Amino acid sequence: MELGHGAGGGKIVSDLLDEASDEFAYIEFLRERFFAVRSVSERVRRIRRELAHHASMIAEIDPVLRLIAVPLRSLGEKITDADDHAADVVSLFGGFEMHRKAVRIIRDDLHRRLRPWDEIVEAWRYVSDRSVDPYATIPLLRDLYRFLAPRYMPADTWALMLAAEAGRENRQGIGNVVTWYERQSEPA
């Protein structure tokens, strides 16, 4: 009765429960993939502690740790958003279609964001964070940085935005900020 389906709503609620469990099972699968990404970050952090006395290794590791924090925060927020939809059962079953739509949007976004991480997670799966071999770890760190930098590097775009508002066509000299797309589309 409280869910708004009347006295004979047991079957309806049962069907909604089945559908909700299907939707949230996929979120759980994506949560496991997120944990795998987070394990890469944790492994890099442990390697940093292990190699704290190697300045050259710290110079390789610290930028990776700064960049990997960005997707971890973003992905974690998405998972929390999905969890929020399941938190209030009365609301979930009372407006199930609205919640399903929101959860599917989050699910699809999480899937798109996590998919590129599969190769990275696999490459780091068997890397030991004890008795670290710096010569074997450096290529992995550099690959990880090359993966992270174009996706999560903070950018100063204010100069380009101001130039666009002013109607300037040639924005290359403004603030020395040029996007990859603008470099590629400029005439030779």
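Modeller: Here are your questions, with each label set against its definition.

Modeller: A word first on the ground rules: this is a predicted model, where local features need pLDDT of at least 70, side-chain atom pairs count only at pLDDT 80 or more, and totals for chains, interfaces and linings use all residues. Residues are numbered from 1 along each chain as its sequence is written, and side-chain values use heavy atoms, with hydrogens and water left out.

Biologist: Why is Arg31 called buried?

Modeller: Buried means under 20% relative accessible area, exposed means over 50%, and partly exposed lies in between (1.4 Å probe, protein chains only). Arg31 has 15% relative accessibility, so the residue counts as buried. Buried residues make up 34% of the 188 residues in the chain.

Biologist: And why is Phe35 called partly exposed?

Modeller: Phe35 has a relative accessible area of 37%, and therefore the label is partly exposed. Phe35 is found in helix H1. Its C-alpha atom is separated by 9.5 Å from that of Gly76, 41 residues apart along the chain.

Biologist: How do you know that Arg31 and Asp83 form a salt bridge?

Modeller: A salt bridge needs a side-chain nitrogen of Lys or Arg within 4 Å of a carboxyl oxygen of Asp or Glu. For Arg31 and Asp83 the closest N and O atoms are 2.6 Å apart, which meets that cut-off. The pair links distant parts of the chain, with Arg31 in helix H1 and Asp83 in helix H2, 52 residues apart. In general, side chains of opposite charge can pair when their charged atoms come close.

Biologist: What does Arg31 touch?

Modeller: Contact means heavy atoms within 4.5 Å. Leaving out residues up to four places away in sequence, Arg31 touches Ile79 and Asp83.

Biologist: What separates Arg113 and Asp109 along helix H4?

Modeller: About one helical turn, because these residues are four apart in helix H4. Arg113 is partly exposed at 35%, whereas Asp109 counts as buried at 13%. Both belong to a network of salt bridges that links Lys78, Asp109, Arg112 and Arg113.

Biologist: How many salt bridges are there in the structure?

Modeller: There are twelve. Another one of them joins the side chains of Glu122 and Arg125, at 3.2 Å from N to O. Glu122 is partly exposed at 42%, and Arg125 is partly exposed at 41%.

Biologist: What makes a set of residues a nonpolar core?

Modeller: The residues must be buried Ala, Val, Leu, Ile, Met, Phe, Trp, Tyr or Cys, joined through side-chain atoms within 4.5 Å. The largest such core here has 40 residues, and those with the most contacts inside it are Val40, Val44, Trp117, Trp124, Leu144 and Leu148. The elements giving two or more residues to this core are helices H1 (10–50), H2 (55–87), H4 (96–114), H5 (118–124) and H6 (134–152). Trp117 touches Val37, Ile68, Pro71, Leu144, Phe147, Leu148 and Tyr152, not counting residues up to four places away in sequence.

Biologist: How do you know which parts the predictor is confident about?

Modeller: pLDDT is the predictor's confidence in each residue, from 0 to 100. The chain has a mean pLDDT of 79, and 70% of its residues reach 70 or more. Among the elements, H5 has the highest mean pLDDT (95) and helix H8 (residues 180–185) the lowest (43). Over residues 176–188 the pLDDT is below 50, and it stays under 50 over residues 1–5. Where pLDDT is low, the predicted coordinates should not be read in detail.
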